[in-house]
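Biologist: I am new to this one. Please put it on screen, and I will ask as we go.

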Amino acid sequence: MPLPRSLSVTSLSGLDDWTEEFDLGDAVLFEIAWEVANKVGGIYTVIQTKARLTSEEWGENYFLVGPYMENSVRTQVELIEPTNPALKRTIDNMNSSGCKLYFGRWLIEGSPYVVLIDVGFTAWSLDRWKSELWENCGIGVPWFDREANDAVLFGFLTAWLLGEVSQGHGGGGWPPHILAHFHEWLAGLGLVLCRQRQLPVATIFTTHATLLGRYLCAGSVDFYNNLHKFNVDKEAGDRQIYHRYCLERAAAHCAHVFTTVSHITAIEAEHLLKRKPDVVTPNGLNVKKFSASHEFQNLHAHSKARIQEFIRGHFYGHLDFNLDKSVFLFIAGRYEFSNKGADVFLEALARLNYLLRVNHSEVTVIAFFIMPARTNNFNIETLKGQAVRKQLWDTAQTVKEKFGKKLYESLLVGQLPDVSKMLDKEDFTMMKRAIFSAQRQCLPPICTHNMLDDSSDPILNCLRRIGLFNSSSDRVKVIFHPEFLSSTSPLLPMDYEEFVRGCHLGVFPSYYEPWGYTPAECTVMGIPSVSTNLSGFGCFMEEHIADPSAYGVYILDRRYRSVDESCSQLTSFLLQFCQQSRRQRIIQRNRTERLSDLLDWRYLGRYYISARHMALAKAFPESYYYEPQDPSSVSGFRYPRPASVPPSPALSRHSSPHHSDDNDDDDERYNEDLEAEKDRLNIRQPHSPKSKDEVRGDL
């Protein structure tokens with residue numbers, strides 16, 4: 001059975017011409033990961049968002065395999081009887097042999113089937129399976145590593161499941177070819193056992209980040225410029241993760257096809273895992289396109305207003321800045337102070353604060369840190385701020401109702417109201433009491449929660465060192481929210497997506513970021529972001545966009561510059577952004593949102609399809625043929641530079657409101673519409689301009 005030519009490793013060209021010559025009825029796909037219906041990190045997002053596209057492709061022959069976590073299953077999975085008789089027999093056989101497997105539908109887009117394995121139910125087999133792992137693979141797992149113990153149980157159980165399936169494949173209801181895709185080292189042992197037992201299964205292993213790479217970067221080493229110098233066995237042993245590293249490396253070498261999520265991680269994997277990835281599979285998202293371009297701008301305005309309400313309460317008594325001239329920045333993700341670039345961001349904020357103060361800027365920057373840490377509850381002062389804000393609002397509404405009633409009665413009798421009599425002494429007393437209650441002796445809190453490790457917390461210690469305490473003289477204010485956002489929170493009742501839409505800029509100056517879903521989510525929602533040339537997302541955007549900063553994607557150089565130089569570059573990016581006018585930010589958001597097609601699974605899912613075809617051809621050469629393609633022979637897609645002037649204060653025609661006639665406004669709308677149409681048509685070379693009527697006819 002012929003298979004289509006491989007896509008280039010990162011090229012997006014030719015996707016529209018890509019045709020599928022693969023009979024999906026001849027194969028069944030099992031996708032195995034610890035984060036199936038179990039949210040731990042970014043892999044959950046990958047699998048969850050990709051599920052719809054994969055379900056559409058494979059239909060009834062697609063099954064996700066993950067661990068049974070009761071709390072997650074209660075809210076995310078509908079448990080049902082297996083619809084496939086062969087799978088029902090397989091699950092019944094395993095359950096009767098001392099396992100506990102569940103079957104259901106994951107309640108996400110695509111509603112994929114899931115097989116969930118209760119690893120705790122078979123913990124009695126752990127010692128026996130560890131012995132087998134040592135005898136057959138030479139990998140020893142210490143008793144105290146609970147995560148590795150779970151990986152052993154999960155690996156043996158998934159290999160058992162695939163063994164049962166392979167015994168009945170080609171008959172009894174199973175397609176003749178089995179494909180198993182394993183994500184990360186926690187699921188990788190199942191792949192190793194499949195190959196060791198010589199099961200007729202085509203295998204793929206995807207590493208989203210190498211274990212050793214994450215540990216090395218956390219140790220403040222010059223990681224990327226010394227990749228070829230590391231003694232990987234010694235480094236893993238020194239960090240007491242040698243057994244984990246062995247599981248990951250074994251999975252990478254045993255797989256028919258080895259993939260990773262970005263070019264930068266491919267280089268890392270080649271040096272640390274000693275195998276070059278066969279395919280790079282960038283991570284995508286399910287992009288929702290609005291019928292009108294102003295719709296996502298309206299969502300931004302609505303969400304921004306909710307954030308402003310929170311800020312009014314948080315800074316009560318010190319609200320001496322104009323919220324309409326405030327810029328909201330944020331960083332979010334796992335609390336890895338150096339890996340996620342929080343150290344660089346804080347240093348850049350200190351420098352930005354100095355520049356805004358000496359230049360007497362009217363702009364106030366409010367920087368949010370959304371990183372979960374150990375806390376015991378909300379900060380009382382923070383909760384009090386929201387209570388005071390609500391009290392002031394209620395007082396204003398009460399006075400407003402009384403004022404409105406008197407005004408109404410005065411107009412009914414045909415008289416203009418006497419303003420001096422509209423408010424009585426009681427009203428003034430009520431308002432004065434409200435004003436006095438809003439007075440505050442202390443500064444607004446930096447952290448919204450009570451931290452358990454306040455004295456040793458990296459962010460708080462850095463803030464103490466650089467002196468950002470939310471004082472009235474600071475033009476940069478900081479709010480550390482050490483908990484993931486939730487719409488049910490009594491403090492900031494917004495979910496993450498709504499919060500991102502309300503901010504102006506996401507800042508992610510990561511040192512170690514194999515892909516980077518946070519800036520990708522910003523892009524899809526039309527919010528500009530800062531990324532780095534050490535993140536998969538940043539490298540991807542640099543490769544496919546001629547001028548990323550013009551589209552609101554700022555790429556920070558953290559590979560070839562020192563930390564101090566990177567801080568200076570980030571400060572320059574932030575200052576430039578703060579100097580933009582409101583209109584310039586709107587134009588930039590429009591451009592950013594137009595990049596969302598680059599990150600749609602409809603396009604990026606093709607890399608996974610290519611990897612699956614490659615694996616089937618390697619495992620079943622008598623049935624499948626795969627023709628590799630030289631990546632250098634394909635010219636990569638490159639998003640053109642915007643047709644209009646980039647939104648830079650120095651190059652902008654107007655940075656403040658000015659008098660213009662209707663034709664000027666018409667030309668501005670025309671230029672933006674023409675630019676948007678060029679982006680949509682993927683025009684790489686400038687063409688002769690159409691007339692306004694032609695363009696509007698196209699639109």
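Modeller: One term before we start: contact means heavy atoms within 4.5 Å. This is a predicted model, where local features need pLDDT of at least 70, side-chain atom pairs count only at pLDDT 80 or more, and totals for chains, interfaces and linings use all residues. Residues are numbered from 1 along each chain as its sequence is written, and side-chain values use heavy atoms, with hydrogens and water left out.

Biologist: Leaving aside neighbours within four places in sequence, which residues is Ser166 in contact with?

Modeller: Ser166 sits in helix 5, residues 146-167. Helices (H or I, at least four residues) and strands (E, at least two) are DSSP runs, numbered from the N terminus. Setting aside neighbours within four places in sequence, the contacts of Ser166 are Ile178, Leu199 and Pro200.

Biologist: Is Ser166 buried or exposed?

Modeller: Buried means under 20% relative accessible area, exposed over 50%, and partly exposed in between, with a 1.4 Å probe and protein chains only. Ser166 has 7% relative accessibility, so Ser166 is buried.

Biologist: Which backbone oxygen lies 2.8 Å from a polar atom of the Ser166 side chain?

Modeller: A polar contact is a pair of N or O atoms within 3.5 Å; within protein, one must be able to donate a hydrogen and the other to accept it, and residues adjacent in sequence count only if both atoms are side-chain atoms. At 2.8 Å from a polar atom of the Ser166 side chain lies the backbone oxygen of Gly163.

Biologist: How many helices and strands does the protein chain have?

Modeller: The chain has 699 residues, and 56% of them count as buried. Among contacts with a separation of 6 or more, 74% join residues 24 or more positions apart. The count of elements is 24 helices and 17 strands.

Biologist: Which side chains have a polar contact with the side chain of Glu31?

Modeller: Glu31 belongs to strand 1, residues 27-32. Its relative accessible area is 0%, so Glu31 is buried. Beyond four places in sequence, the contacts of Glu31 include Val36, Phe63, His181 and His183. The side chain of Glu31 has a polar contact of 2.8 Å with Lys50 and another of 2.7 Å with Tyr62.

Biologist: Which residues of helix 13 make the contact with helix 11?

Modeller: Helix 11 (residues 294-314) and helix 13 (residues 380-412) pack at about 110°, with axes 7 Å apart. That angle makes helix 11 roughly perpendicular to helix 13. On the helix 11 side are Glu309, Phe310, Arg312, Gly313 and His314; on the helix 13 side are Thr382, Gly385, Gln386 and Arg389.

Biologist: Is Asn470 buried or exposed?

Modeller: Asn470 is in the loop between helix 16 (458-466) and strand 14 (476-481). Its phi is near 60°, a positive value in a residue other than glycine. With a relative accessible area of 1%, Asn470 is buried.

Biologist: And Gln198, buried or exposed?

Modeller: Gln198 lies in the loop between helix 6 (184-196) and strand 7 (201-207). Gln198 is not a glycine, yet has a positive phi of about 55°. At 70% relative accessibility, Gln198 is exposed.

Biologist: How many disulfides does the structure hold?

Modeller: A disulfide is a pair of cysteine sulfur atoms within 2.5 Å. Cys217 is buried at 3% relative accessibility, and Cys447 is buried at 8%. The number of disulfides is zero.

Key. Axes fitted to C-alpha atoms, helices over the stretch in contact; angles between N-to-C directions. Parallel < 35°, antiparallel > 145°, perpendicular 65-115°, else oblique.
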